[in-house]
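Please open the model in a viewer and keep the selection panel at hand. The stops below proceed from a sheet to a pocket.

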Amino acid sequence: MDSLSLDAARETRLTAAIRQLKFRDPALARRLAETIARVTAEIGRSPVSVMHVCGSHEQAIAKFGLRATFPKDLNVIMGPGCPVCITDLPEVDEGVALARQGHVIASYGDMLKVRGTVHSLSDVQAEGAAIEVVYSATQAVELARRTDREVVFFATGFETTAVATAAVVRSGPPKNFSVLSAHKYIPPVMEIVAEMPETRVEGFLAAGHAATITGWGIFEPFVERHGIPVVVAGFEPLDILAGLARLVELVRDGKPAVVNMFPRCVTKQGNQRAQEELWSVFRPVGGRWRGIAHIPNGNMRLREEWAHLDARRRFVIDLAALWDAAPPTLVADCICGDIMSGISSPADCKLFGRECVPDTPVGACMVSSEGSCKIWHQYGGHPDLGAS
Amino acid sequence: MKTEIALLEQRITLKQGAGGRAMRALIEDVFLQDAPDVSPSEVGPRAMDDGAALWIGDRWLVVTTDSHVVHPIFFPGGDIGRLSVCGTVNDLAMMGATEVLALTCGAILEEGFPRADLERVQASMAAACREAGARIMTGDTKVMGRGEIDGVVLNTTGVAVTARIVRDRGLRPGDRILVTGSVGDHGLAIMAARHALKLEGDLRSDVAPINGLIRAALEAGGPAVVAMKDPTRGGLSSALHEMAGKSGVGILLEETKVPVTDAVRAAGELLGIDPLNVANEGKAVLGVSPEAAGPVLEALRGHPLGCDAAVIGRCVAERPGNVILDTGFGRRLLAEPEGEPLPRIC
């Protein structure tokens, strides 16, 4: 690359960063916060409970201190928005067992410290198992091309990352590559959480990046069935505040509808080619989400025609061999499940910030950068300082 | 599990050199075990301030020392030589001692280290000394075998005398918090250089001797300058937490007032690193009585190294030891960083 095009590339990156900052205008943010407060007061009930289902939304809320601007009658609940956190114990156990059986496990860094029934990938790595951190599904395939050993891509994430896994499955990976899918699909869990009596969710803030793929139209049947509004929102502070303002308006007006507040990225149909590729590789099956419930159609498994790339079909996975010790005792006090269902917040946990910190996490919520506990810890602990 | 932890504690970890809580704990557990008792008017090792201060009849003798292990040794905006002079000169200045009496230099070199690089480092030390009005009066040289040390390690010690010392624990509710310029430059420049990010043209370390700048602030503010600290490892956030904790006050920090260059902000966004948490090598944080904040700010801005100085917050009685961050959108507590996110930053 010559110096001119280097300069041009740098220019583009900087312009992109600055353009993003336009969604960070504090004066506009104050006006939106006032709207949220006014409309919540007009609803005249307390609390008004809405839920987001995305770790990136909580990241932005915590980073910018937005919780301090929410009216006290508005309860913005953190839902099951962390794919690492809801990966179930037996799924982690499968990865750990395959590693102990001598295969190379490639996975995203956040998965390493997440404990299964007894062990984490990081535990067996310390015993000498081959665990490789990758940043993309493509990297896992490259890893397989460089070795003769079996490389199992332990694939986690919602439909956003599942699209990337589908792409490598379709790309003709080498014979020693296989996929252990723990991918999860968000729309079905919204159905379950919407019916939970403990949370009484009156509106959902849906994740903008997932909707880029699925399209906002996917929420229409949900809104019809449950009579609960859904607003699709982006991840800058103004995106979130504008999304919440619209959501409380819909609650106030008793108008269950889908509103797209992220039109610069999201369309009604979404990315149809990505959806076709996604569902040509995966099929939805029911399964447990850690700490929450059995979610019908919530898990994504490889379709029959890709069985030759499915680690669950290629190997005999011996889970019983893993249960050679008792789970750590602190786990009994961990309330990750309640936090992920939106029933509790990290501040309700007696381990939070004491025994449970990012270096020595007890529960999955303190492991992942999308986990509520890790996010709250990173941004100063309990985020609600009030407006004084 | 218990034995695992016990085993881990038998070995030094990188975190224990990162400038945060883990490092302070190591110093307390090991180096302060047999630390001497000093009179209440003196500043000794237990204070963990930027240096020691001894009363010598009519004035204070201030002593400080600093070792430098930065990687790479040459980086945009400076090198290990400039860093080794500035680090010690600035620590003296943070105690209120802006006239440097003498520096020492201890160099430990690796067998095979290029002589041309050493000469370049020496020239850079000499230039920094001229800027600071300092002289290296004695030194020591050792060479270790190939692989026994990485390239070059420099240690400098500084001595100075001053009529009045300034501590890092003098903040009271109401005092204003000033910073002498943009933050995050050194840390992100090193990070970009190390990872060969194509951003480095915009990112330069701020490494500079700021004793002249601090002299101007002290002349303008006098005793109204009640606390000072240089935000090195762990950045502005670490420095503010330490000052708040030692002073027993809370600090309300206005994020939108903190000067950050566009290049640092953009690189921080890309790397997911908060510029508040990374090292600076040519900046200071000052606590100033409210009535003197204006004149001190003016004096700082009148100096070439302080033209971006700003009032960034104030001290409050609530939440002692904490830093409350006003983001412009809302408020939250600033988490105290575990130290510098990157090893070998200075």
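**The sheet in chain B**

Begin with the seven strands of chain B that form an open sheet with mixed pairing, in the order β9-β11-β8-β12-β10-β13-β14. Strands are DSSP runs of E of at least two residues, helices are runs of H or I of at least four, and both are numbered from the N terminus; two strands pair if DSSP finds at least two bridges between them. The model is predicted: local features need pLDDT of at least 70, side-chain atom pairs count only at pLDDT 80 or more, and totals for chains, interfaces and linings use all residues. Residues are numbered from 1 along each chain as its sequence is written, chains are lettered from A and ligands numbered from 1 in the order in which they are written, and side-chain values use heavy atoms, with hydrogens and water left out.

Next, select residues 250-254 and 310-316 of chain B: these strands, β10 and β12, run antiparallel and are joined by four bridges. Within them, B:Leu252 stands opposite B:Arg314.

**The pocket**

Move on to the second largest pocket, with a volume of about 1,500 Å³. A pocket here is an open set of points on a 1 Å grid over the protein atoms alone, where a 1.4 Å probe fits, with protein on both sides within 12 Å along at least five of seven lines; lining residues have an atom within 4 Å of a point. The volume is the space filled by probe spheres set on the points, which are joined across faces, edges and corners.

Select B:Gly19, B:Met23, B:Ile27, B:Asp66 and B:Arg233, which lie nearest the centre among the 47 lining residues. Finally, colour β2(B), which gives the largest share of the lining, six residues.
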